[in-house]
Amino acid sequence: MPRARKPANPFRYFNSSPEVIRLVVLMYVRYPLSLRNVEDLLFERGIDICHETVRLRWNRFGPLFAGDIHRQRISRMKGLRHWRWHLDEMYVKINGEMVYLWRAVDQEGEILESYVTRKRDKKAALAFMKKALKRHGSPEAVTTDGLRSYSAAMNELGNRDKQEVGRWANNRVENSHLPFRRRERAMLRFRQMKALQKFASVHASLHNHFSLERHLVD
């Protein structure tokens with residue numbers, strides 16, 4: 001039998017060490033900094049790279065790091081008996097046009113899923129929930145706000161009995177919007193839905209994970 005091939009080293013064509021690349025991505029994701037801010041802070045630490053290199057490292061390795069963290073998180077949480085989700089949507093402007101960023105977090109505030117749509121209706125809610133359920137499995141309870149699109153979507157999915165609605169019950173996910181809003185202001189907003197979807201998905205995994213690793217830049 002042929003031997004199983006080892007996965008290729010993603011850092012093999014880069015002069016920077018994996019630790020430096022990870023630090024670049026960490027600083028850009030964890031703190032509301034521009035590309036040039038990251039360039040300046042790295043220069044103070046003896047790492048001389050330009051802001052375009054920061055952009056390239058983020059685009060190349062951000063999704064890679066996020067994918068690894070996301071898979072580990074899912075494998076741990078699927079075995080949790082009392083897994084609760086909180087769903088909410090927020091508006092984001094792209095070139096003056098209003099779009100909606102749907103987000104799901106668990107009872108610990110960890111962001112599970114992000115999804116961008118142009119409308120905030122049953123079709124959008126259904127697509128978002130199907131995506132989340134497919135990737136993460138079914139939770140014990142789902143907390144939402146009073147938007148009727150959630151109820152309509154959950155009726156079609158057959159899990160309406162898991163829905164919980166309360167005045168302050170969804171503070172968990174609403175508070176998780178704050179880091180994204182700070183990052184949005186630092187980036188001077190987004191210009192494409194594709195860019196927003198990519199950033200929301202990658203930022204969700206990396207921000208939660210890197211929050212536990214501040215000592216790398218302290």
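## Overall layout

Helices here are DSSP runs of at least four residues and strands are runs of at least two, numbered from the N terminus. With that in hand, the order of elements in this predicted model reads α-α-α-β-β-β-α-β-α-β-α-α-α from the N terminus on. That comes to eight helices and five strands.

The chain has 218 residues, and 46% of them count as buried. If we take the contacts with a separation of 6 or more, 62% are between residues 24 or more positions apart.

## Aromatic rings

How many aromatic pairs does a search of the whole structure find? The search finds three. A pair of aromatic rings is described by the distance of the centres and the angle of the planes. One of the pairs joins Trp102 and Phe128, whose ring centres are 6.0 Å apart with 35° between the planes. This arrangement counts as tilted, because that class takes the angles left between stacked, under 30 degrees, and edge-to-face, over 60.

Where do the two partners sit in the chain? Trp102 belongs to strand E2 (residues 97-106) and Phe128 to helix H4 (residues 122-136), so their pairing ties together parts that are 26 residues apart in sequence. Trp102 has a relative accessible area of 0% and is buried; Phe128 is also at 0% and counts as buried. Together with Tyr150, Trp102 and Phe128 make up one aromatic cluster.

## A charge over a ring

Another ring to look at is that of Phe61. The charged end of Arg60 sits over this ring, 5.7 Å from the centre.

Rolling a probe the size of a water molecule over the atoms shows where empty space is left. In this model, a search of the whole structure finds one cavity of 30 Å³ or more. The largest cavity holds about 30 Å³ of space.

Which residues line the largest cavity? They are Ser16, Val20, Ile21, Val24, Ile49, Thr53 and Arg57. Helix H1 (18-30) and helix H3 (51-77) each contribute at least two residues to this lining. The largest share comes from H1, which supplies three residues.

Note on methods. Residues are numbered from 1 along each chain as its sequence is written. This is a predicted model: local features need pLDDT of at least 70, side-chain atom pairs count only at pLDDT 80 or more; totals for chains, interfaces and linings use all residues. Side-chain values use heavy atoms; hydrogens and water are left out. Buried means under 20% relative accessible area, exposed over 50%, partly exposed in between (1.4 Å probe, protein chains only). Contact means heavy atoms within 4.5 Å. Rings of Phe, Tyr and Trp (its six-membered ring) pair if their centres lie within 6.5 Å; planes under 30 degrees apart count as stacked, over 60 as edge-to-face and the rest as tilted. A charge sits over a ring if NZ of Lys or CZ of Arg is within 6 Å of the ring centre and within 35 degrees of the ring normal. On a 1 Å grid over the protein atoms alone, a cavity is a set of points where a 1.4 Å probe fits but cannot get out, and a pocket is an open set with protein on both sides within 12 Å along at least five of seven lines; lining residues have an atom within 4 Å of a point. Grid points are joined across faces, edges and corners, and a volume is the space filled by probe spheres set on the points.
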